[in-house]
Amino acid sequence: MAAETGTPTTLTLKSNDDELFSVAESAAILSVTIRNMVEDGCAGGVIPLDNVDGKTLASVITYMNGISAIPADEEKKKSYRDKFLSDKDFETLADMVLAANYLNMSCLMDAVSAKIAQVMEKKSVGWVRRKFGIENDYTPEEEAAVKEEHKWTFEGVETDDDN
Amino acid sequence: MDRISELPKHILQRILYFLSQKDAVRTSVLSKSWSYIWCTRPNLVSSYNDSKENKQEFLTTVEQNLQRYCDQRMCLEEFSLLIILDNHEYVSLLEKWIPTLKNMGVKKFRLSIYWKYSRQLPSVVFEAESLQDLHMEGFTLDQTTIGRNVLSKHLKRLLLVKVEIEDGVFQKIISSCPLIETLSLESCERLRNIKVNNLLRLKKFHFSSTPKEECCIEIYPASLEIINIGHADVSFPKGAEFQNLKSLFLNHVILTSFDNFSSCKFPSLVNLCISHCDGLDESTEESHLFLDAPNLNTFVYHGWFNLSFSIATTSREWSSTLYLLMRDDPSLWLLKLRKLLESLSRSKISLTIFQFHINAEDIFIENRDL
């Protein structure tokens, strides 16, 4: 396609709230989902992405453009990813990881997953529950039993009042 | 339900993949929906240090976990095992597990094992194609260990401590594992000649031995970022350019050729530490060491200062820390010192002189911004 004309091909992506985005094919095919569509010849018109909203898609496209502009240097790519994700809150990260999953972009999925994991790292159960709004549906007896079973994982972790 | 718990299971498994075993297991207490996610994440990390149970129980658990992934056909990408082995029966468990990992399609296998005495490493370890990281302490690595081919071509990190290994076996391993990025050899006292020239991705090289052993090291992958060598004869290739080298630490090292070292270029070198490398000028009367390091930031020299050296750098802010031991003929020595200080005059110099023979007391001079 692009190779034949010698000019970069641009794809049009449509979010589920009907926003349209132009993106270079070379960047967009970081998504295996989009790449498959391009290879199957379904990318002529507008590519509808039914599971991604406009705000998230804009962010994903920023990432696609940014990362594809970096030559094959894993360290530079990693530092770009770190910087790209550094100011994102959890809601945005959750949207991004779902989008990355839907678009089949393993590098973005890994980076966002690692970022979420980083937030949980070395934190107490109570802290993680509060941070992510996780409701504790264990009975006190059940919770005590689970804690007893994995007692060693509580050593050296910050304690807090409600746990 | 909350946003994070609502994420698809395979995404939660991926998030937990990036946590330590301890952090991952602890998520089971968050809520009921989290109780078993950790034990389905695509990595299995078993570290004996982390657990309080006895070793037999620990190994049984590892075996059961492996079996569980296998039986339920769950994806297992990584398997890490860290353990002190002190029983031949335990060592032979490796012979059972490693083929299982292969069958399960594990991509990254990390193994950290300790053995108090010399015992042959089971040959199955170097037959593991997925082996990425091997940290081994104790053990013997001989021809029978790698009798058949070394298949672990994806090995990135190789750390050998107190391993009985001879040159031929070592060369065979590193020539079969071209992707090695970190190579650390500590107290492997049978090594006599090490050539690491063919590891084109080597970034970190660490070697240390004891004064009584003599090992010659030839070093030159341009990819190297850190070189740290203690107690060895080291040869640098003539005119080589160490494009990526940021740190060079030489401790009790004998440079086999001054001219070769002086002809090398170190465009990225930031830290240089030369400590007790004093046997180096025995061959020639007046040895001069020249260092081409335009980006040097920290230079530390510790020793008898029986050579002269100069550093060419375009750095604006850099520091030199010198601990010089002085003996005999102070007039010549001071002349040499003057030359050295001139060549370092653009750096912040901190100078400590230890004087012997003439005065038992140490003389301390601090000299800033000369």
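The legends below describe close-up views of a predicted model.

**Figure 1. The two domains of chain A.** Chain A is split into domain 1, residues 2-120, and domain 2, residues 125-154. A distance of 35 Å separates the C-alpha centres of domain 1 of chain A and domain 2 of chain A. Their contact involves 4 residues from domain 1 of chain A and 4 residues from domain 2 of chain A.

**Figure 2. Contact surface between domain 1 and domain 2 of chain A.** About 350 Å² is buried between domain 1 of chain A and domain 2 of chain A, with 92% of this area on carbon and sulfur atoms. Of the area that domain 1 of chain A buries against domain 2 of chain A, 95% is supplied by A:Phe90, A:Val119 and A:Met120, more than by any other three residues. Between the two domains of chain A there are 0 salt bridges and 0 residue pairs in polar contact, counting pairs with both residues at pLDDT 80 or more. Helix α7 (residues 106-120) of chain A gives 3 residues to the side of domain 1 that touches domain 2, the largest share. That side of domain 1 of chain A consists of 4 nonpolar residues, with no polar and no charged ones.

**Figure 3. The interface of chain A and chain B.** On the chain A side, 38 residues are in contact with 29 residues of chain B. The area buried between chain A and chain B is about 3000 Å², and carbon and sulfur atoms give 67% of it. The interface of chain A and chain B holds 5 salt bridges and 13 residue pairs in polar contact, both residues being at pLDDT 80 or more. Helices α6 (90-103), α7, α8 (125-132) and α9 (140-149) of chain A are the elements that each give two or more residues to the side touching chain B. By class, this side of chain A has 18 nonpolar, 6 polar and 14 charged residues.

**Figure 4. A salt bridge between B:Arg3 and A:Glu91.** The side chains of B:Arg3 and A:Glu91 form a salt bridge with an N to O distance of 2.8 Å. In the whole structure, 23 salt bridges are found over all chains.

Figure 5. A:Glu39 and A:Arg35 are joined by a salt bridge in which the closest N and O atoms are 4.0 Å apart. The two residues are separated by about one helical turn, because A:Glu39 and A:Arg35 are 4 residues apart in helix α3 (residues 32-39) of chain A.

**Figure 6. Surroundings of B:Arg68.** B:Arg68 is placed in helix α4 (residues 55-71) of chain B. Leaving aside residues up to four places away in sequence, B:Arg68 touches B:Cys39 and B:Met74. B:Arg68 and B:Cys39 are 29 residues apart along the chain, and their C-alpha atoms are separated by 9.4 Å.

Figure 7. An unreviewed UniProt entry gives the annotation "domain: F-box" for residues 1-37 of chain B. This span of chain B is 51% helix and 0% strand, and its end C-alpha atoms lie 16 Å apart. For residues 108-152 of chain A, the UniProt annotation, also from an unreviewed entry, is "domain: SKP1 component dimerisation". Residues 108-152 of chain A are 69% helix and 0% strand, with 33 Å between the end C-alpha atoms.

Key:
Residues numbered from 1 in each chain as written. Chains lettered and ligands numbered in written order. Predicted model: local features only at pLDDT ≥ 70, side-chain atom pairs only at ≥ 80, totals over all residues. Heavy atoms only, no water. Domains from an automatic or database assignment. Contact = heavy atoms within 4.5 Å. Buried area = accessible area lost by both parts, 1.4 Å probe. Polar contact = N/O pair within 3.5 Å; in protein donor to acceptor, adjacent residues only side chain to side chain. Nonpolar A, V, L, I, M, F, W, Y, C, P; charged D, E, K, R; others polar. UniProt positions renumbered as here; feature names shortened; annotations may be inferred.
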